[in-house]
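Visitor: Could you take me through one part of this protein at close range? I would like to look at the aromatic rings and the residues packed around them.

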Amino acid sequence: MNEELFEEVWVSNNYETVFCTYDEKEQYLRFLGSKREIPRGMNIVLVNRKLNQKYTKNEIMRATPEQLRKMVK
């Protein structure tokens with residue numbers, strides 16, 4: 001079975017939070033918007049970044065912040 005490949009992601013400035021699709025990102029932001037205050041460790045600013053090649057969701061989600069930094073252009 002072929003996995004979907006992604007060319008871009010939405011990441012926090014410290015690369016701790018990453019989403020592969022716009023819908024995932026929006027769901028996360030709606031969740032944060034429903035809270036009185038942002039839970040510790042959760043990021044509200046997500047930046048769209050192009051990847052240096054196509055990666056599977058599994059590769060992206062398993063990457064460490066250091067690996068993610070190397071994966072973006």
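Guide: Happy to. A residue is called buried here when its relative accessible area is under 20%, exposed when that value is over 50%, and partly exposed in between. Please keep in mind that this is a predicted model. Let's start with a lysine. Lys-25 sits in helix α1, which covers residues 22–33. With a relative accessibility of 11%, Lys-25 falls under the 20% limit and therefore counts as buried. Leaving out residues up to four places away in sequence, Lys-25 touches Trp-10, Phe-19 and Leu-46.

Two of those partners bring us to the rings. A pair of aromatic rings is described by the distance of the centres and the angle of the planes. In this model the count comes to 2 aromatic pairs. One of them joins Trp-10 and Tyr-22: the ring centres are 6.2 Å apart and the planes meet at 65°, so this pair is edge-to-face, the cut-off for that class being over 60 degrees. Trp-10 belongs to strand β1 while Tyr-22 belongs to helix α1, so the pair ties together parts that are 12 residues apart in sequence. The two partners can also be described by their cover. Trp-10 has a relative accessible area of 11% and is therefore buried, whereas Tyr-22, at 47%, counts as partly exposed. The other pair is Phe-19 with Tyr-28, whose ring centres lie 4.9 Å apart with planes at 45°, so it is classed as tilted. Phe-19 and Tyr-28 are both buried.

You will find Thr-17 in the loop between β1 (5–11) and β2 (18–19). Its relative accessible area is 12%, so Thr-17 is buried as well. Beyond its neighbours up to four places away in sequence, Thr-17 touches Trp-10, Val-11, Ser-12, Tyr-28, Asn-43 and Leu-46. If you want a sense of distance, Thr-17 and Lys-50 are 33 residues apart in sequence, and their C-alpha atoms are 15 Å apart in space.

Now for the nonpolar packing. The largest nonpolar core has 13 residues, and those with the most contacts inside it are Val-9, Val-18, Leu-51, Ile-60, Leu-68 and Met-71. At least two residues of this core come from each of β1, β3 and α3 (65–71). Strand β1 gives the largest share, 3 residues. To follow one member, Leu-68 is in contact with Tyr-15, Val-18, Ile-60 and Ala-63, setting aside neighbours within four places in sequence. Apart from this core lies another, of 5 residues, including Trp-10, Tyr-28, Leu-32 and Leu-46.

Let's finish with strand β3, residues 47–56, where Val-47 is placed. Val-47 has a relative accessibility of 31% and so counts as partly exposed. Together with Ile-38, Ile-44 and Val-45, Val-47 makes a nonpolar surface patch of about 320 Å². Thr-56 is also in strand β3, but at 13% relative accessibility Thr-56 counts as buried. Setting aside neighbours within four places in sequence, Thr-56 is in contact with Glu-3, Glu-4, Leu-5 and Phe-6.

Definitions and conventions:
Residues numbered from 1 in each chain as written. Predicted model: local features only at pLDDT ≥ 70, side-chain atom pairs only at ≥ 80, totals over all residues. Heavy atoms only, no water. Patch = residues over 30% accessible without salt bridge, like charges linked within 9 Å, V, L, I, M, F, W, Y side chains within 5 Å. Areas by Shrake-Rupley, 256 points an atom, 1.4 Å probe, with all protein chains shown as cover. Salt bridge = Lys/Arg side-chain N within 4 Å of Asp/Glu carboxyl O. Helix = DSSP H or I, 4+ residues; strand = E, 2+ residues; numbered from the N terminus. Buried < 20%, exposed > 50% of the residue type's maximum accessible area, 1.4 Å probe, protein only. Contact = heavy atoms within 4.5 Å. Core = buried A, V, L, I, M, F, W, Y, C linked by side-chain atoms within 4.5 Å. Phe/Tyr/Trp six-rings, centres within 6.5 Å; stacked < 30°, edge-to-face > 60°.
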